[in-house]
Amino acid sequence: MGLNKKVQDIDFSSMMNKKALSLLSGGLDSVIAAKLILDQGIEVVGLHFVSSFCDSKRKERDNVVVRSASELGIRVLIRDKGPGYVQVLTKPKHGYGKNMNPCIDCRIYMLQEARRVMEAEGASFLVTGEVVGQRPMSQMRDTIRLIERESGLTGLIVRPLSAKLLAPSEAESQGIVDRSQLLDIAGRSRKAQYELVERYGLKEFSKPAGGCLLTDPIYARKLRELLRVEPEYTMTDIDLLKYGRHFRFCGVKLVVGRDKDENEALYKLWSPPYLFARSADFKGPSAVLKGPVDDNTIAIAGNIISFFAKNEVFPFSLECFDGRTTYRSIPRIPVDPDKFKVKGSL
Ligand code: SF4
């Protein structure tokens, strides 16, 4: 078996044991995969990845993962992909999918992280819910092999849903996992998976749908703009891309909340060098801004904020929180918010 350099020194036959690490996304494929291995009397620990690029339903999905782990009777570890993941995004070796989704590099990154957890946990193989042919970019046979090789996990991944369509893993070859109990599902239909969750009485899983903002064309445009204009971006800059209307003018980045939830999200997210701002004189959107703050930029920011308010008045006071509280009198000036809108911002 052609093991790559990263793992060639490891003696798999002596380290193979009945403990597996199973990637849990919250979706039904990963839940069934873990169940199929558990039912063979193998100890399974779940691993769930989160990142700043998960959509607003992330919390919901994380809760589903915790509940599905509890239904399966296993422990689950939750790991943030962290800032290192953003590096993968900026220069993916294997390119992007339709938008900013570097699915192949993303899978390699996650599997490398999983490999570290696997070693720390004393697990000898990894389980994934991958299904051959389900995703065009990362789940075709050749790509599956490439991802496995580049993540340093050649021979160490069991894919219970499609195992019979793939070469046996070490765990299968050595009889740790009974290959005859594994499946031969391929393609995009989830019919077989729904029959299985029904048969196993599993209830805790999320519907197979999106979740990754990198596949969203609107989000992708905002992200591209940020990486181009601010190569020294921070994770706060990235997190802010999920909320509000985005503007740039005179070196300032302004994000204006679109509703109460977004105003609250902006309040939670802001920290210096951003400024949190809202009108003291009328009900309207909150905003965060970063960049050179002077009478001119504050006046433009204030006018954009007031443009999206229902009952604006001029002049008005803008409350700005930047470690201290300041009030400035904002005059009406001719500002066309569309002119400063970041491409892709709604
Ligand atoms: S859809 Fe997003 S999370 Fe999934 S593999 Fe692609 S880039 Fe990664």
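Biologist: Leaving aside neighbours within four places in sequence, with which residues is Pro331 in contact?

Modeller: This is a predicted model, in which local features need pLDDT of at least 70 and side-chain atom pairs count only at pLDDT 80 or more, while totals for chains, interfaces and linings use all residues. Residues are numbered from 1 along each chain as its sequence is written. Two residues are in contact if their C-beta atoms, placed from the backbone, lie within 7 Å. Beyond its neighbours within four places in sequence, Pro331 has as contacts Ala299, Phe314 and Pro315.

Biologist: Is Pro331 buried or exposed?

Modeller: A residue is buried with 20 or more other C-beta atoms within 10 Å of its own, exposed with 12 or fewer, and partly exposed in between, the C-beta atoms being placed from the backbone. Pro331 lies in the loop between strand S11 (325-330) and helix H14 (337-340); helices (H or I, at least four residues) and strands (E, at least two) are DSSP runs numbered from the N terminus. Because 11 other C-beta atoms lie within 10 Å of it, Pro331 is exposed.

Biologist: How many of the eleven residues of H3 are buried?

Modeller: The buried residues of H3 include Asp29 and Lys35 as well as Leu28 and Ile37. They pack against S1, S2, H4, S4, S5 and helix H9 (191-200). H3 is mostly covered, and its buried residues number ten.

Biologist: Which strands stand at the edges of the open sheet?

Modeller: Five strands form this sheet in the order S3-S2-S1-S4-S5, with parallel pairing; two strands pair if DSSP finds at least two bridges between them. S2 and S3 pair over six bridges, and His48 stands opposite Ile78 in S3. Two strands have a single partner each, so one side of each lacks a neighbour in the sheet: S3 (75-80) and S5.

Biologist: Which residues around the ligand are the closest?

Modeller: A residue is near a molecule if its C-beta atom, placed from the backbone, lies within 6 Å of it. The shell divides into five nonpolar, three polar and one charged; Ala, Val, Leu, Ile, Met, Phe, Trp, Tyr, Cys and Pro count as nonpolar, Asp, Glu, Lys and Arg as charged, and the others, Gly among them, as polar. Nine residues surround the ligand, the closest being Asn101, Cys103, Cys106, Cys212 and Leu214.

Biologist: How far apart do the C-alpha centres of domain 1 and domain 2 lie?

Modeller: Domain bounds come from an automatic or database domain assignment, which gives domain 1 (5-212) and domain 2 (216-340). The contact takes seven residues from domain 1 and ten residues from domain 2. The distance between their C-alpha centres is 40 Å.
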